[in-house]
Amino acid sequence: MNRIMLVDDEKNILNALRRVLMGGVEIEGESVELSVEIFDSPSDALRRAEVAAFDLVISDYRMPEMGGVEFLKAFRKIQPNAARMVLSGYADFAGLMEAINEAEIYRFISKPWNDYDLKFAISQALSFRKLLMENQRLADIVRMQQGQLSKQELALRRLEEESPGITKVNWGADGSVIIDENDV
């Protein structure tokens, strides 16, 4: 099952997108279920990204709290391997260039969207991400065989991909683990 994050300041858009994706998508000839989480606040979405891994994030371009490009750049710092897409009713050339060059988006989709085209774009993004992850895994194996990467470093990378933030522990001066109340 692939996990998708949707971020838009309009709740009706989020609900419509979730309904479209409830049936899943077809990837490489197989029907795949999607786990979809929606957020109407980019800040809340970023906090969630710090503790849960996503395969794909789709963001609105214009949001009052934080722009879509700014959000996707911050998201990329937390989860660099997740695919990123922008879904927006506003498209200007400068904004599109910023999204591609700075947030490294996979695709820009305009509102209103066509359900079939949206599901096809998501399927392609997930397939592309799967291929990139497999290439990265194979490259890591080669690095480990050549002594450039230890088994421990490889295991830490995998843990961080599966559960972002799990390898980062806040230690107190007395050796205790400091737990942020916002994480509980």
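Tutor: Gladly! Keep in mind that this is a predicted model. Let us begin with a helix: helix H2, residues 42–49, lies across strand E1 (2–7) and E4.

Student: At about what angle does H2 run to E1?

Tutor: H2 lies across both E1 and E4, and the angle is given relative to E1. Angles over 145 degrees count as roughly antiparallel. The value for H2 and E1 is about 155°.

Student: Which strands does H5 touch as it packs on the sheet?

Tutor: H5 also has a direction we can compare with a strand, making about 160° with that of E6. As for its contacts, the strands that H5 touches are E1, E4, strand E5 (56–60), E6 and E7.

Student: Which strands stand at the edges of the sheet?

Tutor: Strands of a sheet pair through backbone hydrogen bonds, either parallel or antiparallel. Here five strands form an open sheet with parallel pairing, in the order E4-E1-E5-E6-E7. A strand at the edge has a single partner strand, so one side of it is left without a neighbour in the sheet. The edge strands are E4 (34–39) and E7 (107–110).

Student: How many bridges join E6 to E7?

Tutor: Strand E6 covers residues 83–88, and E6 and E7 run parallel. Leucine 87 stands opposite isoleucine 109 in E7. The number of bridges joining E6 to E7 is four.

Student: Is serine 59 buried or exposed?

Tutor: Serine 59 has its place in strand E5. Residues that touch serine 59 include Val7, Phe71, Met85 and Leu87. Its relative accessible area is 1%, and the cut-off for buried is under 20%. Therefore serine 59 is buried.

Student: And where is serine 41?

Tutor: Serine 41 touches Val7 and Glu65, not counting residues up to four places away in sequence. Serine 41 is buried too, with a relative accessible area of 10%. Its place is in the loop between E4 and H2.

Student: Which residues of H1 make the contact with H5?

Tutor: The axes of H1 (residues 11–21) and H5 (residues 115–145) come within 10 Å and cross at roughly 75°, so the two helices are roughly perpendicular to each other. On the H5 side, the contact is made by Asp115, Leu118, Lys119 and Ile122. The contact residues divide into five nonpolar, no polar and two charged. On the H1 side, they are Leu17, Val20 and Leu21.

Student: How many charged residues are in the contact of H3 with H4?

Tutor: The axes of helix H3 (residues 68–78) and helix H4 (residues 93–102) cross at roughly 0°, which means that H3 and H4 are roughly parallel to each other. Val69, Lys73 and Arg76 of H3 meet Gly95, Glu98, Ala99 and Glu102 of H4. By class, two residues are nonpolar and one is polar, while the number of charged residues is four.

Methods
Residues are numbered from 1 along each chain as its sequence is written. This is a predicted model: local features need pLDDT of at least 70, side-chain atom pairs count only at pLDDT 80 or more; totals for chains, interfaces and linings use all residues. Side-chain values use heavy atoms; hydrogens and water are left out. Axes are lines fitted to C-alpha atoms, for helices over the stretch in contact, and angles run from 0 to 180 degrees between N-to-C directions. Angles under 35 degrees count as roughly parallel, over 145 as roughly antiparallel, 65 to 115 as roughly perpendicular and the rest as oblique. Contact means heavy atoms within 4.5 Å. Ala, Val, Leu, Ile, Met, Phe, Trp, Tyr, Cys and Pro count as nonpolar, Asp, Glu, Lys and Arg as charged, and the others, Gly among them, as polar. Two strands pair if DSSP finds at least two bridges between them. Buried means under 20% relative accessible area, exposed over 50%, partly exposed in between (1.4 Å probe, protein chains only).
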